[in-house]
Amino acid sequence: MLVPEQINLYIAERPTWQRKLMVRLRQLVHGVNEEIEESWRSQAPQFDHNGMPVLGFSANKTSVNVTFCQGAHLKSSRLTFEPVTDDRASRSLKFHEEDVLNESACSSLVKKALVQSGKAQEITP
């Protein structure tokens, strides 16, 4: 199965509110940079740029989590990050059913994440 098909299936298996949110997040990510590639890691959709992971999203019973791989280096005054327990560099945004997606803030974070991903690529041997 191709990666976009895997992601489509992952999204389709979720409740309606999560499907709508993940479809919109996916559109926002691709809207920021058309060169972002979709990948499948850790049983969830991921988005890479120039071979470097930028972010991913996953759903559980009560939320949709957007994890930024270099999130510790990102700042946002409009969205609140949560640390990722296994990874000191990553940070997540957690969206619940009643939350309203701040599209401009999310797009801004994706842009910043792309810059951070490029910096990480520069120091990776």
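Leu 55, Val 66, Phe 68 and Leu 93 touch the most other members of the largest nonpolar core, which has 30 residues. Such a core is a set of buried Ala, Val, Leu, Ile, Met, Phe, Trp, Tyr and Cys residues joined through side-chain atoms within 4.5 Å. Helices (H or I, at least four residues) and strands (E, at least two) are DSSP runs, numbered from the N terminus.

This is a predicted model: local features need pLDDT of at least 70, side-chain atom pairs count only at pLDDT 80 or more, and totals for chains, interfaces and linings use all residues. Residues are numbered from 1 along each chain as its sequence is written, and side-chain values use heavy atoms, without hydrogens and water.

Strand β4 (residues 63-68) has five of its six residues buried, so the rest of the structure largely encloses it. Buried means under 20% relative accessible area, exposed over 50%, partly exposed in between (1.4 Å probe, protein chains only). β4 pairs with β3 (residues 52-59) in the antiparallel sense over five bridges; pairing takes at least two DSSP bridges. Three residues separate the two strands in a hairpin. Phe 68 of β4 is the bridge partner of Leu 55.

| Residue | Contacts |
|---|---|
| Leu 55 | Val 29, Gln 46, Phe 47, Val 66, Thr 67, Phe 68, Cys 69, Val 110 |
| Ser 92 | Val 66, Thr 67, Thr 80, Phe 81, Glu 82, Val 84 |

Ser 92 lies in β6. Ser 92 counts as buried because its relative accessibility is 11%.

How values were computed:
Contact means heavy atoms within 4.5 Å. Lists of a residue's contacts leave out its neighbours within four places in sequence.
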